[in-house]
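Please brief me on this protein model.

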Amino acid sequence: MDIIGFLKSQFLCHLFISYVFIGTGLIINLIQLFTLPLWPLNKQLYRKINCRLAYCVSSRPLQFSLAPLNLLLDQILTDSQLVMLLEWWSGTDCTLYTDLTNYSKYGKENAIVILNHNFEIDFLCGWNFCERFGLLGSSKVLAKKELSYVPVIGWMWYFLEIVFCKRKWEEDRKTVVQGLQNLRDYPEHFWFLIHCEGTRFTEKKHEISMQVAEAKGLPKLKYHLLPRTKGFAVTVQSLRNVVSAVYDSTLNFRNNENPTLLGVLNGKKYHADLYVRRIPLEEIPEDDQECAQWLHKLYQEKDSFQEEYYKTGTYPGTAIVPARRPWTLLNWLFWASLLSYPLCKGLANMISSGSYLTLTVFALLMVIVSVGVRRMIGVTEIDRGSTYGNNENKKKQP
């Protein structure tokens, strides 16, 4: 391992990255608070300002899941400045396979982005896709109610008009529809990222999902879980005539790589391939039942694409590597420089004080943070993700 690779794997580097994120977030939350008076005066200006403020914190768009979201710590981690880590810290390559006639439309229209959910960092590659086309920060999400109370993330989402729900579809349907309707006059182009499977793929969840498929007479899938159709249908209905297309996105990694968030944090480079098909929204049926059938057929096609990828190592379409934009890196460097001074000054004052109690408390805090960070990273591991779908007695799919 070279010296740079060694440094990237050290906890002190990870701790500093976390410090920058938290410090940036609290400052941005305060600025967002002062933008509230703009809402009754000029709602669109308020939205544009907060969209850009949020970019400073997250350097990422927001993820939408049609089933209960993963654990709270998982969501907190995913909201850190991970796009910068993926692109610049780990240097991960992400090759886009698509039709060249559609490529020019990416980033210039509203879209619903459907992502498969097989890898620990698939959400991160989806965000990277958004960043490459200039939509990082303006995409939207449905988040669980508990997150609204979390400093930095929850507060930032409040100012971004994110819809918070209780994870009970029958109770949340009205709230979700209202939140989606609010996006109809949103002043920025946005992408709505969806994991229709609702939870990460595991062998156990796949087995249960295919039992449900057999019981309902639905086609079985090899590389995906059954898609959850109600939330997708509501999303399409609410955003029709606002969203131009659905981007069906299928992700895989070369050489049987098994990417992890911890690997990215340690600076490990991965090689991702993302196949994107643009499907005009007019082709998606308006009827709920027909829309559900359409989505099931789409996932059969996604399964065939994965099957072909495992055989040939490539997807259909033209391979393109969109250029990295420097803004995520420059954004992080700005905040890191700004926040380094108070950190260094505080550490210098603490050391010069010579207080054993102060030094002991600081050391203990570092141990606690170290354990906490490692445990939060552990939550993102596939086998420790959402337990949704693991209850074999719960066969009913919404």
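This is a predicted model: local features need pLDDT of at least 70, side-chain atom pairs count only at pLDDT 80 or more; totals for chains, interfaces and linings use all residues.

Residues are numbered from 1 along each chain as its sequence is written, and side-chain values use heavy atoms, with hydrogens and water left out.

**Overall make-up**

- The protein chain has 16 helices and nine strands. Helices (H or I, at least four residues) and strands (E, at least two) are DSSP runs, numbered from the N terminus.
- Of the 398 residues in the protein chain, 54% are buried. Buried means under 20% relative accessible area, exposed means over 50%, and partly exposed lies in between (1.4 Å probe, protein chains only).
- The protein chain has an accessible surface of about 18300 Å². Carbon and sulfur atoms account for 60% of that surface. Accessible areas come from the Shrake-Rupley method with a 1.4 Å probe; for residues, only the protein chains shown count as cover.
- Take the contacts in the protein chain between residues at least 6 apart in sequence: 81% of them join residues at least 24 apart. Contact means heavy atoms within 4.5 Å.

**Salt bridges: the count**

- The structure holds 13 salt bridges. A salt bridge is a side-chain nitrogen of Lys or Arg within 4 Å of a carboxyl oxygen of Asp or Glu.
- Side chains of opposite charge can pair when their charged atoms come close.

**Arg-47 and Asp-185**

- The side chains of Arg-47 and Asp-185 form a salt bridge, at 2.9 Å from N to O. Asp-185 sits in the loop between α10 (169-182) and β6 (191-195) and Arg-47 in helix α4, so the pair ties together parts 138 residues apart in sequence.
- Arg-47 counts as buried because its relative accessibility is 3%. Asp-185 is partly exposed, at 35% relative accessibility.
- Beyond its neighbours within four places in sequence, Arg-47 contacts Trp-39, Glu-161, Asn-182, Asp-185, Tyr-186 and Pro-187.

**Lys-269 and Asp-93**

- Lys-269 and Asp-93 meet through their side chains in a salt bridge (3.5 Å, N to O). The pair links distant parts of the chain, 176 residues apart: Lys-269 is in the loop between α13 (261-265) and β8 (271-280), and Asp-93 is in strand β2 (residues 93-98).
- Lys-269 is partly exposed, with a relative accessible area of 41%. Asp-93 is partly exposed, at 33% relative accessibility.

- Lys-302 pairs with Asp-248 in a salt bridge, with the closest N and O atoms 2.8 Å apart. This pair also links distant parts of the chain: Lys-302 is in helix α14 (residues 288-312) and Asp-248 is in strand β7 (residues 245-253), 54 residues apart.
- Lys-302 is buried, with a relative accessible area of 0%. Asp-248 is buried, at 0% relative accessibility.
- A network of salt bridges links Asp-248, Arg-277, Glu-301 and Lys-302.

**Cysteines**

- The disulfide count is zero. A disulfide is a pair of cysteine sulfur atoms within 2.5 Å.
- For Cys-125, the closest cysteine sulfur is in Cys-94, at 5.0 Å, which is too far for a bond.
- Cys-125 is buried, at a relative accessible area of 2%. Cys-130 is buried too, at 1%.

**Helix α11**

- Helix α11 (residues 203-216) has 14 residues, which should span 20 Å at 1.5 Å a residue; its end C-alpha atoms are 20 Å apart, in agreement. The expected span is 1.5 Å times one less than the number of residues.
- The buried residues of α11 are Lys-205, His-206, Ile-208, Ser-209, Met-210, Val-212 and Ala-213.
- Gly-217 follows α11 and has a positive phi, near 70°.

**Nonpolar surface patch**

- Leu-30, Leu-33, Phe-34, Leu-36 and Tyr-158 form a nonpolar patch on the surface. Together they have about 540 Å² of accessible area.
- Patches are made of residues with over 30% relative accessible area and no salt bridge; like charges are joined within 9 Å, and nonpolar side chains (Val, Leu, Ile, Met, Phe, Trp, Tyr) within 5 Å.
- Helix α2 (residues 11-35) gives the most to this patch, with three residues.
- Leu-30 lies in helix α2. Leu-30 is partly exposed, at 49% relative accessibility.
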